[in-house]
Amino acid sequence: SSEVDDTSTTWAGTIPAGGYGAPGASGVKMTIDYARYYAPPTSLFWAGSNSLVWNNSGNWIANMPVTSTSDVVFSFLSGNNLATVLGNDLTIDSLTVLEMNNALSVSGNTLTIGAGGMDTTSANHSVNLNSVINLGAAQTWQIGSAFPVNVNSNLTGSASLTKANAGTLNLNASNSFTGSLYVDSNASGIL
């Protein structure tokens with residue numbers, strides 16, 4: 001962190017009497033060497049270093065295992081091959097898909113998603129859920145407008161699901177989902 005403080009020190013230089021001026025007219029510049037982001041300890045970022053299997057902790061940055069409190073994230077850090085496999089039934093709190101190099105697919109077993117739901121608002125490729133998806137708690141799926149989320153296997157559970165944002169959510173299988181399905185009043189996309 002940094003700050004300009006003219007009350008106790010002049011380590012950042014003397015502040016001009018009239019201030020630094022308007023941003024467009026000022027000659028003052030700030031250069032940043034690097035920025036570091038510290039993710040919450042529940043955030044798991046997929047690297048796919050060892051295989052394509054979720055239950056191999058070596059596939060997650062910092063070798064963290066998937067747990068029921070995990071907020072699973074796929075992004076540019078995830079590499080190119082995103083045809084992932086669960087490996088066994090898994091429970092997570094949330095699934096977030098950011099900008100990636102390719103479309104994400106999740107296959108095999110059952111993925112239970114908790115109250116954190118799903119967020120694909122920043123996704124730049126489609127998301128294909130080929131595993132059975134179980135709604136473990138009432139949740140919202142924020143679906144980005146550019147690329148669809150395709151649930152190609154059974155959607156199960158009795159919790160409520162709210163589809164939000166302008167993206168398309170395709171439910172492409174016979175589903176045993178018995179909860180309430182809501183489409184957010186601000187969502188203009190197709191369900």
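These points cover the fold and the aromatic pairs of a predicted model.

1. Secondary structure. The protein has 14 strands and zero helices. Along the sequence the pattern is accordingly written with β elements, β-β-β-β-β-β-β-β-β-β-β-β-β-β.

2. Burial and surface. The protein has 191 residues, of which 35% count as buried. Its accessible surface is about 10200 Å², and carbon and sulfur atoms hold 50% of that area.

3. Contacts. Among contacts in the protein with a separation of 6 or more, 30% are between residues 24 or more positions apart.

4. Aromatic pairs. The count of aromatic pairs is five. In one of them, Trp54 and Trp60, the ring centres lie 5.7 Å apart; the planes stand at 85°, which is over 60 degrees, so the pair is edge-to-face. Trp54 has a relative accessible area of 0% and is buried. Trp60 is at 1% relative accessibility, under the 20% limit, and therefore counts as buried too.

5. Trp54 and Phe74. The ring centres of Trp54 and Phe74 are 5.7 Å apart with the planes at 40°, so this pair is tilted. Trp54 sits in the loop between β1 (43-45) and β2 (71-74), while Phe74 belongs to strand β2; the two residues are 20 residues apart, and the pair links distant parts of the chain. Phe74 counts as buried, because its relative accessibility is 0%.

6. Cluster. Trp46, Trp54, Trp60 and Phe74 are joined into a cluster by ring pairs. A pair of aromatic rings is described by two quantities, the distance of the centres and the angle of the planes.

How values were computed:
Residues numbered from 1 in each chain as written. Predicted model: local features only at pLDDT ≥ 70, side-chain atom pairs only at ≥ 80, totals over all residues. Heavy atoms only, no water. Helix = DSSP H or I, 4+ residues; strand = E, 2+ residues; numbered from the N terminus. Buried < 20%, exposed > 50% of the residue type's maximum accessible area, 1.4 Å probe, protein only. Contact = heavy atoms within 4.5 Å. Areas by Shrake-Rupley, 256 points an atom, 1.4 Å probe, with all protein chains shown as cover. Phe/Tyr/Trp six-rings, centres within 6.5 Å; stacked < 30°, edge-to-face > 60°.
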